[in-house]
Amino acid sequence: MLRSMQRERITISIDPGVAARVRQCGARSGSGGASSYLERLVRQDETREAAEALAHWYAQQPERVDADEAERIAAAEELGETA
């Protein structure tokens with residue numbers, strides 16, 4: 001997914017200890033500081049939510065699990081890979 005390079009400034013209120021931790025983790029990450037650290041956390045949260053939604057979808061349609069697995073195995077065999 002492509003993300004816009006345009007940035008938006010926001011103001012948040014957090015405890016001083018949390019703010020210090022965010023700055024510390026941002027400095028350790030080495031790329032972009034606190035803003036990039038928080039953005040990475042949000043993206044990880046988005047990924048976790050998407051995975052949970054997909055798991056829920058498959059749980060509601062168990063027949064797709066077998067069909068998709070068969071398709072994956074066939075594609076791997078076609079490429080000469082181990083399924």
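The largest pocket of this predicted model has a volume of about 680 Å³. A pocket here is an open set of points on a 1 Å grid over the protein atoms alone, where a 1.4 Å probe fits, with protein on both sides within 12 Å along at least five of seven lines. The volume is the space filled by probe spheres set on the points.

**Pocket lining**
- Of the 21 lining residues (an atom within 4 Å of a point), Glu8, Ile10, Ser35, Leu38 and Glu39 are the closest to the pocket centre.
- Helices H1 (16–29) and H2 (33–60) each supply at least two lining residues; helices are DSSP runs of H or I, at least four residues.
- H2 gives the most, with eight residues.
- By class, the lining has eight nonpolar, five polar and eight charged residues; Tyr and Cys count as nonpolar and Gly as polar.

**H1 against H2**
- The two helices pack at an angle of about 95°, with axes 7 Å apart.
- That makes H1 roughly perpendicular to H2 (65 to 115 degrees).
- Val22, Arg23, Cys25, Gly26 and Ser29 in H1 meet Gly33, Ala34, Tyr37, Leu38 and Arg40 in H2, with contact meaning heavy atoms within 4.5 Å.
- This contact has five nonpolar, three polar and two charged residues.

**Confidence**
- Mean pLDDT (the predictor's confidence in each residue, 0 to 100) is 90 for the protein chain, and 94% of its residues reach 70 or more.

**Basis**
- Residues are numbered from 1 along each chain as its sequence is written, and side-chain values use heavy atoms, without hydrogens and water.
- Local features need pLDDT of at least 70 and side-chain atom pairs 80 or more, while totals for chains, interfaces and linings use all residues.

How values were computed
Axes fitted to C-alpha atoms, helices over the stretch in contact; angles between N-to-C directions. Parallel < 35°, antiparallel > 145°, perpendicular 65-115°, else oblique.
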